[in-house]
Structures are given as structure tokens and as C-alpha cells.
Amino acid sequence: MNSNDLSGFILAGGKSSRMKTDKAFLKFQDATFLERAFKTLSPRCKITKIVINKYQKAQFEDAFPSSDLIVDLYHERGALGGIHAALKNCETDFAFILAVDLPFVTTETVKKLIEASSESSATVPRQNNGRLQPLCAVYRAKACLPKLEELLEHDDSASVRDFLKLIDANIVEANLLGGDEKVLLNVNSPEDLSSLTD
């Protein structure tokens, strides 16, 4: 897969309820989480877009006037709605989805996950604790979108894990993606943020 086959999408539309402030603008190592995610995806993708919710639109347009912003079509549906907005707006065969609150994902992580992609509908890493991380994953847009839309239309409480059960997902162990055990650590709370340098 080359960069012309792949679009990058940063999911930044979460409510950040535990953090009490928009995680996209948190700083770590002299860059915001959003800046880090953008720098991580851009070298490997034809285009990189930011997925937000409707309440963030004005703030993001002011802060990132030159960025491609996509607003969730399914409101209040969490990460599932964000993935849907990304796939719906994907003009390439593949979409790389990256949540903004995964600050340890690197361009090398992205490269290795792309290299691990197969004929499956998605390539999803499995964390060291056994949980899947579908918010740092590669999806075949046309293969996944119809199943995701059907799920969103018929199940108001559906989760991303429910979606993964409907598609043919290739699972990749996180230790094959380079970096240390923190590579897929997501930051949800002030305590998580303060522990980043530990």
C-alpha cells in the first residue's frame, strides 16, 4: 500500500469528560496532542483530516484554519460516529484512524501497521492487556462503511467493538509495532496526563 491508497483521520470529537478540557489542545513534549497526531499520520497518508463534533467547529476553525475538518454525521455516538464520518469522507481505498489521545503512536507505528495490512476489511492492533485498539487502525472504507451505517441505524447503544464483530479484522499484536508497552496508551484523565513522563 502506498500513500495514494491511504487517507489519515484524527478522531478529535470526544467529549473529554474526564479530562475536563479538550484533549486535542493538551500539550506533551512541546506540541499539542492534535499537532502530534497530525505529524504522525501526514508522512504516510495522501491527506490527513480531523474529525470533530458539531460543538467544536468554531474553535477548530479558529485554531486550525488551513486544516480539513469533518463533522460527525451521527451526533452523540462517540468513537463509532467518528469512524463513520471518516469512512464516509474517505476518497482512498484505505483509511487510517487515529484517536487524538494516543500520544505515543509514532510514524513508525503507523508504517508497521500499514505493512501488516492484508486483504481483510481492517487491521487492528491488540494491546498487551489483550484488548483491541480500534482507534489506531487501518480500515477498507468501502468494505466497512455499509456495515457500520447499518449498525448505527439499528443499534443506538452500539460500540466500536460491536462494529469489529461485523467485519473481517486482521489482528496485529502491539509488540510487533515498535516502541514500548506504552505505544497504545490513551490519555483520558488528568492523572493519565501527569503520568506521561513517568
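How many disulfides does the structure hold? I looked and found zero disulfides; a disulfide here is a pair of cysteine sulfur atoms within 2.5 Å.

I note that this is a predicted model, in which local features need pLDDT of at least 70 and side-chain atom pairs count only at pLDDT 80 or more, while totals for chains, interfaces and linings use all residues. Residues are numbered from 1 along each chain as its sequence is written, and side-chain values use heavy atoms, with hydrogens and water left out.

I checked Cys45, which is in no disulfide; its nearest cysteine sulfur is that of Cys90, 9.4 Å away. Cys45 counts as buried at 8% relative accessibility (buried is under 20% relative accessible area, exposed over 50%, partly exposed in between, with a 1.4 Å probe and protein chains only). The sulfur of Cys144 is 10 Å from the closest cysteine sulfur, in Cys90, which is too far for a bond. Cys144 is buried, at 0%.

Aromatic rings. I searched the whole structure and got three aromatic pairs. Rings of Phe, Tyr and Trp (its six-membered ring) pair if their centres lie within 6.5 Å; planes under 30 degrees apart count as stacked, over 60 as edge-to-face and the rest as tilted. One of the pairs is Phe28 with Phe104: the centres are 5.5 Å apart and the planes at 70 degrees, so I put the pair down as edge-to-face. Phe28 counts as buried at 6% relative accessibility, and Phe104 counts as buried at 17%.

I also looked up Tyr139 and Phe163, a stacked pair with 6.0 Å centre to centre and 25 degrees between the planes. Both Tyr139 and Phe163 are buried.
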